[in-house]
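Trainee: Could you walk me through this one? I'd like to start with how the chain is laid out.

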Amino acid sequence: MKKVFVNGYGSIGSRITAFLKDDPEISVIGVGKYSPDDKVTEAISRGLNVYVPEKKLDNFKDYKISGTIESALDDCDLVIDAAPGGHGYQNKKNLYEPKGIMAIYQGGETTMGEESVSDILFNSRANYDLVQGKKHVMQGSCNVTGMGRILGPLRDKFGERLIRFDVTLVRRWADIEQTEKKLQDTIEMSENPHHGEDVKTYFGKDAPLFVRAIKVPTRQMHLHIMDVRFKDVAPAPVEIHDIFKDEFGVATLWTAKGTKDVRDYADNMGFNFTDTNMIHIHANMTASIGDTVQMMYSDDQTGIVIPENHMLMQAMLFGKSYKDAFTHTESIFHMKEKKQKLEEHFAKK
Ligand SMILES: NC(=O)c1ccc[n+]([C@@H]2O[C@H](COP(=O)([O-])OP(=O)(O)OC[C@H]3O[C@@H](n4cnc5c(N)ncnc54)[C@H](OP(=O)(O)O)[C@@H]3O)[C@@H](O)[C@H]2O)c1
């Protein structure tokens, strides 16, 4: 049994720990908290040990914490860092590297420039076999993971026929649980979004991928609007949808009117955290026009990266084959079953 510490207990950290508790191969040492708030009590009530930074110990006098993050890390095989973007790099330098601990970082970090946390950005479908033996690996962000789930299968099927991908990312403002974060009544434009460059780290640096991003006032998932250009006449929508029939983490839906329909269904079905853990092709929006396929898919912002973290953890901790890791992840996340239920519920009428 390997010991894992989750540093950060927000949208991502709380989900990762919830699933790890169901993993018989893993013992969760505890979680790292930085602010003395209700989430400390929530984590303890879920049976988790809470650790805090040594220099903040006094702030947590009123809570039943288990000790310092620094001491918890001394007794751990791997840490999953779930800190706000940029803090993962600081943690690497101040904590994980000095203590010689393996670490997984989240999508708010970078693999480029001076504050790079890793020389590889993980996407289970694209580079699983390259992360075994690595000590520091970054998991791609939700949008980067979602784009990969579409681009990989398209390239496997159409290869040289593809000449260009243009993607507009319509990003959610905040997560469902981030009730303290108010939605602003505006459409915000993102200059130089990192997502395209991140995808190219595993899709190829010269890939003809062009990404724009805006942020809109919703908590209900991201939506990607993608135009795929072909050398010749574009395939019919049915040919596109066929590619994703057996694809992990991609559901093809026909009747969802919006992203909230999908989230509400996940809520009704009792999926953990109302997450689907996948992307959803809105098949009714796929069109083939001349040399271009237009498509849209929504991306479960918080859920999609959790099974990916689980795959990555198995590669780093146990050196498992892709097949073994995939089987184990599936036994915990039940992605096939979720996909089938979503596709049945939102089937073509
Ligand atoms: N939310 C998403 O949809 C999403 C999706 C994919 C990837 N990501 C990435 O995942 C990472 C975490 O995002 P999130 O949405 O989970 O953030 P979040 O909800 O704001 O939670 C961040 C957590 O990190 C803790 N924290 C604060 N300072 C820290 C430090 N120095 N070291 C470790 N933890 C620290 C916070 O503790 P306190 O609350 O106690 O201060 C909080 O529990 C980011 O890199 C983000 O880009 C997020």
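Mentor: Happy to! The protein chain splits into domain 1 (2–140 + 305–333) and domain 2 (142–302 + 334–345), with bounds from an automatic or database domain assignment. This is a predicted model, where local features need pLDDT of at least 70, side-chain atom pairs count only at pLDDT 80 or more, and totals for chains, interfaces and linings use all residues. Residues are numbered from 1 along each chain as its sequence is written.

Trainee: How many residues of domain 1 are in contact with domain 2?

Mentor: 18 residues of domain 1 are in contact with 18 residues of domain 2; contact means C-beta atoms, placed from the backbone, within 7 Å.

Trainee: And which helices supply that side of domain 1?

Mentor: α1 (11–20), α5 (124–127), α10 (305–318) and α11 (322–333) each give at least two residues. Helices are DSSP runs of H or I, at least four residues, and strands are E runs of at least two, numbered from the N terminus.

Trainee: How many helices and strands does the protein chain have?

Mentor: Twelve helices and 16 strands.

Trainee: New topic: how far apart are the C-alpha centres of the two domains?

Mentor: They lie 26 Å apart. The C-alpha atoms of the whole protein chain fill a box of roughly 65 × 40 × 40 Å along the principal axes.

Trainee: What percentage of the residues are buried?

Mentor: Buried residues are 43% of the 349 in the protein chain. Buried means 20 or more other C-beta atoms lie within 10 Å of a residue's own, with C-beta atoms placed from the backbone.

Definitions and conventions. Two residues are in contact if their C-beta atoms, placed from the backbone, lie within 7 Å. A residue is buried if 20 or more other C-beta atoms lie within 10 Å of its own, exposed if 12 or fewer, and partly exposed in between; C-beta atoms are placed from the backbone.
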